[in-house]
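My notes follow, in the order I looked things up.

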Amino acid sequence: MLRSRSSKEAPHSSVAHYLGDKKVGAEQWKNFAVQSRNLIKQLASFVKARSAEGRTVAGYGASAKSAQWLNLCEFTRRDIRFVCDNTAQKQYRNCPGSEIPVVDDGALTRELPEYAVCFAWNFFKEILEKEEIFRKKGGKWIVPVPKLEVI
């Protein structure tokens, strides 16, 4: 359970374990926080700059991770036109916290945006193979993790 630093309640016993572990100490968590903020800023700046240039950007993978990125980067529909996903229950709804629509994954090749942010970077290899036409037609992938890359 997370608590504020000013909480008078004692930390859970597991906290001592993690703080005592040299692999996952307080300094590592601070570094992780700084790296995370930097990635958020980099992705937001890159996508918003492309949008300002009149380029089209879509998202790929309507997951909880994508909702976090969309909201932390403060993306609007002007920045990310839509997010593709192959889960029927997610399609034709909006991403949580935004008005960015979730559409079927076929929209990537139908609409052919110039860029697509891969929010499912843990499946990027498989997505790259599946969406080969997107790249052959000139589309570029934006992969935000572990570092921002344009492929």
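**Asp-104 and its partners**

I began at Asp-104, whose side chain makes a polar contact of 2.9 Å with the side chain of Arg-110. By polar contact I mean a pair of N or O atoms within 3.5 Å; within protein, one must be able to donate a hydrogen and the other to accept it, and residues adjacent in sequence count only if both atoms are side-chain atoms. A second polar contact, at 2.6 Å, joins the Asp-104 side chain to that of Tyr-92.

A note on the source before I go on: this is a predicted model, where local features need pLDDT of at least 70 and side-chain atom pairs count only at pLDDT 80 or more, while totals for chains, interfaces and linings use all residues. Residues are numbered from 1 along each chain as its sequence is written, and side-chain values use heavy atoms, with hydrogens and water left out.

Where does Asp-104 sit? I found it in strand E4, residues 101–104. Helices (H or I, at least four residues) and strands (E, at least two) are DSSP runs, numbered from the N terminus.

Is Asp-104 buried or exposed? Its relative accessibility is 14%, so I wrote it down as buried. The cut-offs are under 20% relative accessible area for buried, over 50% for exposed, and partly exposed in between (1.4 Å probe, protein chains only).

Leaving out residues up to four places away in sequence, Asp-104 touches Cys-84, Asp-85, Gln-91, Tyr-92 and Arg-110. Contact here means heavy atoms within 4.5 Å.

Tyr-92 is exposed, with a relative accessible area of 58%. Its phi is positive, about 65°, although Tyr-92 is not a glycine. I reminded myself that most residues other than glycine have a negative phi, and most peptide bonds are trans.

Leu-112 also went on the list, with a positive phi near 45°. Leu-112 lies in the loop between helix H4 (107–111) and strand E5 (115–118), and at 32% relative accessibility it counts as partly exposed.

Which peptide bond did I mark as cis? The one from Val-145 to Pro-146, with omega near 5°. Pro-146 is in the loop between strand E6 (140–143) and strand E7 (149–150).

**Helix H3, end to end**

Next I walked along H3. Ser-63 is in the loop between strand E1 (57–60) and H3. At the start of the helix, a side-chain oxygen of Ser-63 comes to within 3.3 Å of the backbone nitrogen of Lys-65. Ser-63 is partly exposed, at 24% relative accessible area. Not counting residues up to four places away in sequence, Ser-63 touches Lys-90 and Phe-119. I also checked Gln-89, 26 residues from Ser-63 along the chain: their C-alpha atoms are 12 Å apart.

Which residues of H3 (64–72) are buried? I listed Ser-66, Ala-67, Trp-69 and Leu-70. Looking down the axis of H3, I see these buried residues fall within an arc of 165°, so they line one face of the helix. The arc is that of the directions from the helix axis to the C-beta atoms. The buried residues of H3 pack against helix H2 (26–52) and strand E2 (83–85). Just after H3, Glu-74 takes a positive phi of about 55°.

**The N-terminal segment**

I looked at Arg-3 too, in the segment before helix H1 (13–20). Arg-3 is partly exposed, with a relative accessible area of 31%. Setting aside neighbours within four places in sequence, I find Arg-3 in contact with Glu-9, Ala-10, Pro-11 and His-12.

**Whole chain**

I finished by zooming out. The protein chain has six helices and seven strands, in the order α-α-β-α-β-β-β-α-β-α-α-β-β along the sequence. Its C-alpha atoms fill a box of roughly 55 × 30 × 30 Å, taken along the principal axes. Of the 151 residues, 36% count as buried. Among contacts with a separation of 6 or more, 56% come from residues 24 or more positions apart.
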